[in-house]
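My plan was to start with the whole chain and then go to single residues.

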Amino acid sequence: AAQRAQFETNFRNTLIENYGSAFAKYTNQTYTMRPYKVTAGKNPVVTLDFNHNGEKIPVSFQLADKGSQWKIRNINVSGIDLGLQFRNQFAATVKRNGGDLNKAIATFQPDADAAVNQNKQK
């Protein structure tokens, strides 16, 4: 339980730091929200198309109902599942740290740019 709480704190802080600075740079650009479509899964998905230099970049947010508020459960950028990519990055961090979860949690830095670039190369 303590490891999970520490992982969640480190992961959340890193994502806020990374995405906060990315969104701070997003000025004078537009986005459109796609009409909501009911999906087969239990978690609804909301998709925004961000316009960047004439290119539409679809970003889908999978949501989870947490009672009094909705939380983002996963993000998909241009077809790339960031949740899956971050799980793979964490697994690699655990391996680099010889299976020591505490060290892996302390040093894990999720990298969305690396995830996106890795998938573009495939």
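Accessible areas come from the Shrake-Rupley method with a 1.4 Å probe. With that noted, I looked up the surface of the chain. The accessible surface comes to about 8900 Å². Carbon and sulfur atoms account for 53% of that surface. I also noted that this is a predicted model.

**Entry: the whole chain**

I asked how many helices and strands the chain has. There are 4 helices and 5 strands. Read along the sequence, they follow the pattern α-β-β-β-β-β-α-α-α.

Next I looked up the dimensions. Along the principal axes, the C-alpha atoms fill a box of roughly 45 × 35 × 30 Å. I then looked up burial. Of the 122 residues in the chain, 25% are buried.

I turned to contacts between residues at least 6 apart in sequence. Of these contacts, 30% join residues at least 24 apart.

Charges came next. The chain has 16 positive and 9 negative charges. Their mean positions are 5 Å apart.

**Entry: aromatic pairs**

I searched the whole structure for aromatic pairs and got 7. I wrote down the details for two of them.

Phe7 has a relative accessible area of 24%, so Phe7 is partly exposed. Phe108 has 5%, so Phe108 is buried.

Then I took Tyr31 with Phe50. Their ring centres are 5.7 Å apart. Their planes are at 40 degrees, so the pair is tilted. This pair also links distant parts of the chain. Tyr31 is in strand S1 (residues 31–33), and Phe50 is in strand S2 (residues 45–52). They are 19 residues apart.

Is Phe50 buried or exposed? Phe50 has 12% relative accessibility, so Phe50 counts as buried. Tyr31 is partly exposed, because its relative accessible area is 47%.

I also looked for a cluster. Phe7, Phe11, Phe86, Phe90 and Phe108 form one aromatic cluster.

**Entry: Ser60**

I found Ser60 in strand S3, residues 55–65. Why does Ser60 count as buried? Its relative accessibility is 18%, and buried means under 20%.

Which residues does Ser60 touch, leaving aside its neighbours within four places in sequence? I listed Val45, Val46, Thr47, Asn74, Ile75 and Asn76. With Thr47 there is also a polar contact: it joins the two side chains at 2.7 Å.

**Entry: Pro35**

My last stop was Pro35. I found Pro35 in the loop between S1 and S2. Its relative accessibility is 68%, so Pro35 counts as exposed.

I then compared Pro35 with Thr107. In sequence they are 72 residues apart. In space they are 39 Å apart, C-alpha to C-alpha.

How values were computed. Residues numbered from 1 in each chain as written. Predicted model: local features only at pLDDT ≥ 70, side-chain atom pairs only at ≥ 80, totals over all residues. Heavy atoms only, no water. Helix = DSSP H or I, 4+ residues; strand = E, 2+ residues; numbered from the N terminus. Buried < 20%, exposed > 50% of the residue type's maximum accessible area, 1.4 Å probe, protein only. Polar contact = N/O pair within 3.5 Å; in protein donor to acceptor, adjacent residues only side chain to side chain. Contact = heavy atoms within 4.5 Å. Phe/Tyr/Trp six-rings, centres within 6.5 Å; stacked < 30°, edge-to-face > 60°. Lys, Arg positive; Asp, Glu negative; His and termini not counted. Charge placed at Lys NZ, Arg CZ, Asp CG, Glu CD.
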